[in-house]
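My entries follow in the order I made them.

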Amino acid sequence: MIPESELILNADGTIYHLNLLPDHISDTILTVGDPARVAQVSRHFDSIEFEGTHREFVTHVGYYRGKRLTVLSTGMGTDNIDIVMNELDALVNIDFMSRTVRPPEERLSLRIIRLGTSGSLQPDVPVGALLASQHAIGLDSLMQFYPLVETGLETQVARDLQQSLGLPFAPYVVRGSDLLREQLAADLLVGNTVTCPGFYGPQGRRLRLDLRSPDYMERLQNFRHQSPEGDFRLANFEMETAGYYALGQLLGHEVLSLNAIVANRATGEFAKDTGEIVERLIVRTLALL
Ligand code: R1P
Ligand code: URA
């Protein structure tokens with residue numbers, strides 16, 4: 001039995017941070033960073049049956065062309081993704097009455113699709129592009145606490161990148177759902193996404209502060225790992241994908257991160273209309289679900 005201090009339920013039976021009941025979870029979950037983006041997604045729904053808000057976690061549940069969907073905001077960063085993935089999983093795979101994990105034959109695998117903004121690292125991934133993350137590379141510390149299993153390629157990329165960036169720790173490298181990428185990303189760019197524990201220094205941005213490594217950005221942009229699958233390079237930056245992919249792998253959920261490219265760090269451009277790029281990502285993804 002999981003103690004009350006670990007599986008924390010509110011007085012109304014909802015889970016601690018997300019404030020949701022198991023009934024609010026559809027088999028397909030769309031996640032967004034910005035709480036305001038939840039309504040940008042759900043305004044395309046035919047009907048909405050539930051709207052809830054707690055902290056940065058805004059949730060709408062409704063139907064899009066007959067399919068029940070849950071759309072949920074996560075806020076920013078992999079520390080929030082630790083909360084979101086553990087609580088979504090608990091909502092479907094833990095019996096709240098008995099406080100026990102459901103047996104393997106009763107467990108559900110959710111489809112979790114991130115619709116987020118991102119900055120490109122490469123000149124050929126332009127502002128306005130939509131990109132699906134094949135691998136994610138976590139520069140954050142979340143996976144210091146969970147036993148992630150990495151493939152040979154992932155371990156080698158992590159080692160090479162640690163060396164190239166001169167980091168005191170190894171990044172973690174994890175692949176997203178091939179199944180979802182085949183279903184939802186046939187028309188998109190595909191690339192490897194760096195997940196950073198911050199928007200400024202960890203993404204090589206300098207306002208008033210210098211970085212420890214003046215050539216950090218160049219090292220990321222020029223990073224290559226030769227493998228039998230081809231050249232592994234880093235396409236874009238954001239702040240959640242690696243946490244999603246790693247916890248998705250450990251918990252048995254299919255996860256795909258789709259990125260609306262709003263900045264290009266190779267050319268110095270930022271999108272004139274980020275809302276339009278995100279809207280294109282939302283509309284084309286809903287149509288494929
Ligand atoms: C930073 O501006 C935020 O934008 C990106 C990053 O991952 C980070 O959360 O995603 P969202 O647009 O989904 O928030
Ligand atoms: N989100 C990020 O995390 N980085 C960017 O450059 C743009 C959006």
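**Entry 1: a network.** Which residues are linked with Arg114 in a network of salt bridges? I looked, keeping in mind that this is a predicted model. The network joins Arg114, Glu238 and Glu240. I then checked one pair in it. The side chains of Arg114 and Glu240 meet at 3.5 Å, N to O. This pair links distant parts of the chain, 126 residues apart. Arg114 sits in strand S7 (residues 111-120), and Glu240 in the loop between strand S13 (236-238) and H6. I found both Arg114 and Glu240 buried.

**Entry 2: other salt bridges.** I searched the whole structure and got 12 salt bridges. I looked up two more of them.

Lys67 and Asp27 meet through their side chains at 3.5 Å, N to O. I noted Lys67 as partly exposed, at 25% relative accessibility. Asp27 is also partly exposed, at 46%.

Glu49 and Arg68 form a salt bridge of 2.6 Å, N to O. Glu49 belongs to strand S2 (residues 47-54) and Arg68 to strand S4, so the pair ties together parts 19 residues apart in sequence. Glu49 counts as partly exposed, at 44% relative accessibility.

**Entry 3: a charge without a partner.** I turned to Glu87, in helix H2 (residues 78-93). Glu87 is buried yet has no salt bridge. Which side chain of opposite charge is nearest to Glu87? I found Arg55, 8.8 Å away. A salt bridge needs nitrogen and oxygen within 4 Å. Leaving out residues up to four places away in sequence, Glu87 touches Ile15, Tyr16, His17 and Leu18.

**Entry 4: the largest pocket.** I read off a volume of about 560 Å³ for the largest pocket. Its lining has 23 residues, and Asn86, Glu87, Asp89, Ala90 and Ile94 lie nearest the centre. The elements giving two or more residues to this lining are H2 and helix H6 (241-251). H2 gives the most, with 7 residues. By class, I listed 14 nonpolar, 4 polar and 5 charged residues in the lining.

**Entry 5: helix H6.** Why do I call H6 largely enclosed? Because 8 of its 11 residues are buried, H6 is largely enclosed by the rest of the structure. Among the buried residues I listed Thr241, Tyr244, Tyr245 and Leu247. After H6 comes Gly252, with a positive phi near 85 degrees.

How values were computed
Residues numbered from 1 in each chain as written. Chains lettered and ligands numbered in written order. Predicted model: local features only at pLDDT ≥ 70, side-chain atom pairs only at ≥ 80, totals over all residues. Heavy atoms only, no water. Helix = DSSP H or I, 4+ residues; strand = E, 2+ residues; numbered from the N terminus. Buried < 20%, exposed > 50% of the residue type's maximum accessible area, 1.4 Å probe, protein only. Lys, Arg positive; Asp, Glu negative; His and termini not counted. Contact = heavy atoms within 4.5 Å. 1 Å grid on protein atoms, 1.4 Å probe; cavity = no way out; pocket = protein on both sides within 12 Å on 5 of 7 lines; lining within 4 Å. Points joined across faces, edges and corners; volume = space filled by probe spheres on them. Nonpolar A, V, L, I, M, F, W, Y, C, P; charged D, E, K, R; others polar.
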